[in-house]
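These are notes for a colleague who is opening this structure for the first time. Please keep the sequence and the 3D view at hand while going through the points.

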Amino acid sequence: MPGKRSISQQIVISGVGGQGVLFVTRLLAEAAILKGLRVFTSETHGMAQRGGTVLSHLKVGAFSSPLIRAGNADGLLALKANSLAQHGYYLKPGAWAVVNRSQDVTIDADVSAYIVDAERLAKQIQNPKSVNLILLGFALAAASAKTENHIFCQMEDVETVLELRMAKNKTMLDDAVKALEAGFKSFK
Amino acid sequence: MYKRKLMLGNEAIANGLMENGCTVATSYPGTPASEILGAFAALDKKGPGQRHIQWAVNEKIAFEIAYTASTAGLRTAVSMKQVGLNVASDPLMSAAYLGVKGGFVVISADDPGPHSSQTEQDSRLMAMMARIPVLDPDSPRQAKDMVKTAFELSEAFEIPVMLRPTTRVCHARQDIEPGDVLPGKWDAGFQKDPARWAATPKFRFQLHRELEKKLDAVSRHQETAPVRLNDAARSSKALVVSGVAASHAEEILKGLNLWDILPMYQVLQPFPLHRDFILHMIDTYSDILVIEETTGIIEMQLADRHRVKGKLTGSVPGVGELLPESIQKIIGEFAGIDTQAIAVPAEPGVRPTLCAGCPHRAAFFAIKKAAPKGIYPSDIGCYTLGLNLGAVDTVLCMGAAVSQAAGFYHAYKHETKRPDIVATIGDSTFFHAGVPALIDAVVQNVRFVLVILDNRTTAMTGNQPTPAMGIGACGEMLNPVDIEGLVKGCGVRFCRVGDPYYLNEFVALLKDAIQHSRENGPAVVISRRPCLIDRLREEKPGWEPMNVEVADTCDGCGYCIDHFECPALNLNQNEKQVCIDTVLCSGCGVCISVCPKKSIKEVKDAG
């Protein structure tokens, strides 16, 4: 609520099975816990995970329901180019969307859209499976560029979560941080 | 003080079991319940390990083991998905009569939608039929708290108690503070009482009478009574909600500024519904809207058809998941306001498919080659996705591939030209319910081929071990049961093992099996190749990934795309040629044998 400084954010993360939608959701959710915030997420499992569309909902703040209602999301992380068209209806007017795609597109909706070619960046850093982290890094830079659209956490918070999760595997941690930073730096 | 942890609903339930001294926990995996037992085992590893935790061959067996340990006085739990409860319904109905000693919690996870199930059935109806109490959590946090309530209720009334989470509880994550672990208590003391534990029909009548008395008392039990969520609200209308619909409704009511207007009651125990609550609602309100998933259980018990709106009156949809958008619309109509709810468009989405390199794909391709005009009964698991390849004609329930093959055989057996019948079943599903059906097929001399897709794991639900692996839920070594021996023990005379990665040899093996089945009766082919995504597996894959490329001779005919549909193969529309997605490709090399033009080739490294 404005003026109260109580954080209340709803973010939709969408992609297909195998891209790491759930991993990104967990990183953000754990970052929220680190910051002392309440968090609720919802995921797609089972049959839907075999390469099908994967959608997760992340709600930070005092929520009772695990799902975001259509027209209520503050932001969308789209790991697939068509995710914005597919799941844009979750966004509220003035929301942000960060989309992984190779070409620029015009967006009709009342949405601040930021486009990044995460596949190309992933190839550049020779880590083709890091598209999810690149997009997250890019989103942390892009969404925070507009003051009214700050994501509830910063780059450092996500890096701390990665360090806690990957404490036993230095190589994996280095690769993850590298991908996150590649995305972050690619925002201009 | 513990730090808050991000817990999956199923992990929260496992924590609840751990904090309440559950000593024996059993399960058969099934979405959305699969992670409960795994999480419980993981928590136990950190503790003293004084518990029995096991994956059972099926839900009936899982139920019977946990139930019986409770009759010996221990706190126990069994977890499964809603259709698993069908398999366990035989012991469930009887256990309700006999009752328990130590607390016994039956966790049956429902899947409104359905997201990953063959039905949307409501386990609370099963609780009603069995005459046992059921608790309906609205969130991971409440699910954890309700484990405690369930054990206490079970012990207070010596009755099995059901905990019924839904997918949105099981697969939501919430920040939850873990509590102190209560060590398992090994104080088994089974007290013989044949009139109870081995009751004959005469005594069963008495037990039924006692059960009804228990239920009457449970319906007055204050600890599980419905709660009023917004005390200040005053209206002649009221909302009654339960489960995850309650959590949606709370947020919606606040968002619509109805929180201080419309009284809302949350039912924690949908059956038996508290008697005082029923009277209070009917006496107080002229209009009552009930929102619950999936059947109108609470609505049925609030039996005033003039005041109660819900599924029976058509005010709430009777099928499908109650998404918050639809609840918003329903509440708006009830309150008489326009909520401007945005309808969720039907999502085309991307259809799920078998992984690149999945051995099932190779097996299905071979089956179509060997019996192109066959009937293909199949079963429940990843391999249901053989639908995409046109190699799955029927999916009914666990184990039915074998008996459906028999049903087709008997339907056609008097015809001069019988279709070949090639059924597919996974290794875990074969153990679960395929074995009795196979014995039946041997006895009846059913002329069909059963392909057991042996990927050495229960893949779809997250790679739980099968009885063939000899590994327990906590990673302990157990006694493996060999599938070939089992098949032969059922009386099958043709039983051979093949590797579907060697596609041409595998097609030849299938043809032999089909020939045998036409003349002699059942034949079994075990298609053995471990699942590619089984992270538990430490053994070597037994094959070197190949570098595969598409030669210029590819004319883009699309045969491999249509008939093999590997996600690593894509048809490039501009160049009219197939290209390989090197990120997805596992290097199984099966597509080399699939291409009719021999345009997919292995590239050997020069070095």
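**A sheet across two chains**

1. An open sheet of eight strands runs in the order E6(A)-E5(A)-E4(A)-E1(A)-E3(A)-E2(A)-E8(B)-E1(B), with mixed pairing. Strands (E, at least two residues) and helices (H or I, at least four) are DSSP runs numbered from the N terminus, and two strands pair if DSSP finds at least two bridges between them.

2. At the edges stand strand E6 (111-116) of chain A and strand E1 (5-8) of chain B, each with a single partner strand, so one side of each is left without a neighbour in the sheet.

3. This is a predicted model, in which local features need pLDDT of at least 70 and side-chain atom pairs count only at pLDDT 80 or more, while totals for chains, interfaces and linings use all residues. Residues are numbered from 1 along each chain as its sequence is written, and chains are lettered from A and ligands numbered from 1 in the order in which they are written.

4. E2(A) pairs with strand E8 (residues 172-176) of chain B in the antiparallel sense over three bridges, and Ser42(A) has Ala172(B) as its bridge partner in E8(B).

5. The contact between the chains (C-beta atoms, placed from the backbone, within 7 Å) takes 32 residues from chain A and 36 residues from chain B. On the side of chain A that touches chain B, the elements giving two or more residues are helix H1 (21-34) and strand E2 (39-42).

How values were computed:
Contact = placed C-beta atoms within 7 Å.
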